[in-house]
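Have the sequence and the 3D view open as you read.

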Amino acid sequence: MSTRALRRLKGKQRGQEALDLGDLTLAESPEEQAAAEEEQLDSANVSPLSERKGSGRKAKKNKAQKNFSNIYELIGDADNEAEKISPDEEAEKPDGNKTSGLANDDNRDTEKPEQKQEEGSTKSSSSGDRVKKKKKKKKTKVTSDDGQEAVPDDNIDLLLENLEQSNGLSLQNEDCGGSDRRSVLHVEHRNLNPETELKRYFGARAVQGDQRPRQRNRQFHRSTWMTSPKDSWPRFSRPGISMTLLQSKDGIQYFTFEHSRDYQQVQFKFLDAVESMDPNNIVALLQLNPYHIDSLLQLSDVCRIQEDQEMARDLIERALYSFECAFHPLFSLTSGTCRLDYLRPENRAFYLALYKHMMFLEKRGCPRTALEYCKLILSLDPDSDPLCMLLLIDFLTLRSREYQSLLQLYQDWEVHRNLSQLPNFAFSTALCHFHLSQQEDMDPEESNKERHKADLMLQDSLIMFPGVLMPLLDLCTVQPDSTVTAHAFFGPKSQIGQPPALAELTSLYVGRTCSLWREAAVMLWLEESVKEVLRRVDAKDPQVEDCQNKRKQRYQSAPRNIHRHVLLSEIKEATSSLPLEVTSQPVMGFDPLPPLDSVMSYTRPERQHVGASNESTLSLFFRSLLPNFNLQGGLRQEDDMEVARAGQELNQEVNRLMVAMRDMLANIRFQEPPREDNPYRDEEEWD
């Protein structure tokens, strides 16, 4: 009777027995054991060569007749057969290991049946260990012919990096200092999500609550890093924005956004809606094109002015989602080697969307996430820095308590960017060293070194920028000492005598970072440093005169990107110090202070009607009634000559009418009501 029939009689199914070590034995029938003993007696009289051949045939026979009581033995044997050692690996093994397998086969053939059963009971337990060992061997690094290490298939990031290096798109460049910049501007994907920071502050349960993903009516969106699409958003359809790779040079990739023909037409309609000064026109445009970028940015500013912060933030996130869906496959947010030229108008909206999203995150209480977006904006164009993020990165770093990263940035970029000439970096680096000296886990000797370094840097900063102290104390609601207010170095002369560009920088720093100086320990440290600075000034320290000469020679005029940053910051202390040439021109929220040397890929068609900026109110009134009216008498560009002649005659008639109305208005005299001498007359007596 076969073993399958025996199992059926016993009521057992194959592979459903209890997984016990005692049950993991070979189940051979008595007839098979007797046949095995006869084959062993016959094989004793055969030559060694025939013995090896017979053992191979018998091994195949035993393998076919073997009955397993555990299905996982079959899986293990299948893995063993699939993971046979390659001939190259066998050649690397010593000779003793080569012959061990043959000796084991011979011994296995000559063993007694009782020993076979004992071996079968332990085979199942040892087979799993052998499979694990062989899998570990396979995961070890394998060297290729050219000496490079092969990358495992599951590490996708390393595969992409090797692919880019083979195509000439390396992530680092030693000649241009790319390795230093990558270490400073490196962005982590997980830090772009504000929920990561909120979970660290309040816990996952407080952030997520009892929210569970709804399975019904679930919309599947593209996976993105910067924003998560919401169910309340309109259905996404590509608005007509795409990204192309312009060139790759010295390990740096230069990208740009492009607008399709349809998107250009929507952009022209948006400009018309902006000129109408009616937000309802932008809302109507967004209803037809829900993912138009500039409309989202402009309407977000309108909602923010109306104190609808939630809607304003939602519109910015929708714009970022539209941008991220248009990314090039090689564009990376984290490498720090992808560039976008701000001179192209198509790229400016991405800068502004990132900046506005960063400011919303900072106000929301996520300074670490805002710092990551600040580094992302800076990495898009670190040389030009169109939004001047170097004036903001120190504040976000101090708020997120990433002191070492700010000191590393200052150390790496001081040589070629002169960060010490900016008031924000001069004071913020000193504040970083002070906070490091206050850490409890620091060695006392190291703490003293950091404190001494912080004292020297703060004193140098006060000598170089004396106009910072009094406005800072005023915003911190601290009354300075009489010796400080009476001294000429920190008096009103230090603020009035500042160059205009320096006054703009100091007012920006004071208005933004005054909250960082309100701590009691920081204020005591500032007081000690101010007293030491006054002592050095009275002692005629040569550094004081040297810094005064530097202030006169430098900071004469601020570049355009600093003015743009001040406008975007909306800090009233800084915006009041903007020059007249900036405040006198209109500033649009979707493109504040565009570069003077912009690279235009397409231009807006000229409008048909002539501008009426120099016309009087009366002429504008007649223009509303008669669209063809022109006070200057100039002919409009009409295709039909008769229409042009009729328009000229109409202008003459209207000119005569205007002259008559002017004479009539000049002859009108208004008669004043009679006045009486009684000042105590009741007003109710008027008839």
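## Ground rules

A crossing of two helices is called left-handed if the near helix is turned anticlockwise from the far one by less than a right angle, and right-handed if clockwise. Helices (H or I, at least four residues) and strands (E, at least two) are DSSP runs, numbered from the N terminus.

This is a predicted model, where local features need pLDDT of at least 70, side-chain atom pairs count only at pLDDT 80 or more, and totals for chains, interfaces and linings use all residues. Residues are numbered from 1 along each chain as its sequence is written, and side-chain values use heavy atoms, with hydrogens and water left out.

## The chain as a whole

The protein chain has 32 helices and 3 strands. Of its 687 residues, 38% count as buried; buried means under 20% relative accessible area, exposed means over 50%, and partly exposed is in between (1.4 Å probe, protein chains only).

Contacts here mean heavy atoms within 4.5 Å. If you take the contacts in the protein chain with a separation of 6 or more, 72% of them come from residues 24 or more positions apart.

## H13 against H14

Let's start with helix H13 (residues 279-288), which packs on H14 at an angle of about 135°, with the axes 10 Å apart. Axes are lines fitted to C-alpha atoms, for helices over the stretch in contact, and angles run from 0 to 180 degrees between N-to-C directions. That angle makes H13 oblique to H14. For the labels, angles under 35 degrees count as roughly parallel, over 145 as roughly antiparallel, 65 to 115 as roughly perpendicular and the rest as oblique. H13 passes H14 in a left-handed crossing.

Which residues make the contact between H13 and H14? From H13 you get Pro279, Ile282, Val283, Leu285 and Leu286, and from H14 Ser295, Leu296, Gln298, Leu299 and Val302. Sorted by class, the contact of H13 with H14 has 8 nonpolar, 2 polar and no charged residues. The classes work like this: Ala, Val, Leu, Ile, Met, Phe, Trp, Tyr, Cys and Pro are nonpolar, Asp, Glu, Lys and Arg are charged, and the others, Gly among them, are polar.

## H14 against H16

Helix H14 (residues 293-305) also packs with helix H16 (residues 345-364), at an angle of about 30° and with axes 10 Å apart. That makes H14 roughly parallel to H16. The crossing of H14 past H16 is left-handed.

On the H14 side, the contact uses Ile293, Asp294, Leu297, Ser300, Asp301 and Arg304, while H16 brings Ala349, Leu352, Ala353, Lys356 and Phe360. By class, the contact of H14 with H16 comes to 6 nonpolar, 1 polar and 4 charged residues.

## Two cysteines, and the disulfide count

How many disulfides are there? The count comes to 0, with a disulfide taken as a pair of cysteine sulfur atoms within 2.5 Å. Cysteine 338 counts as buried, at 2% relative accessibility, and cysteine 547 counts as buried too, at 6%.

## Loop residues worth a click

Proline 239 is in the loop between helix H11 (204-208) and strand S1 (241-249), and it counts as partly exposed at 23% relative accessibility. Leaving aside residues up to four places away in sequence, proline 239 touches Tyr263, Tyr291 and Ser322. Tyrosine 263 is 24 residues from proline 239 along the chain, and their C-alpha atoms are separated by 6.7 Å.

Proline 382 lies in the loop between H17 and H18 and counts as buried, at 0% relative accessibility. Its C-alpha is 9.2 Å from that of leucine 185, although proline 382 and leucine 185 are 197 residues apart in sequence. Serine 384 lies in the loop between helix H17 (367-380) and helix H18 (393-399), but at 49% relative accessibility serine 384 is partly exposed.

## Positive phi

Most residues other than glycine have a negative phi. Asparagine 418 has a positive phi of about 50° although it is not a glycine. Asparagine 418 is found in the loop between helix H19 (403-417) and helix H20 (423-437), and is partly exposed at 44% relative accessible area.

Glutamate 570 also has a positive phi, near 60°, in a residue other than glycine. Look for glutamate 570 in the loop between helix H28 (560-569) and helix H29 (572-575); its relative accessible area of 47% makes it partly exposed.
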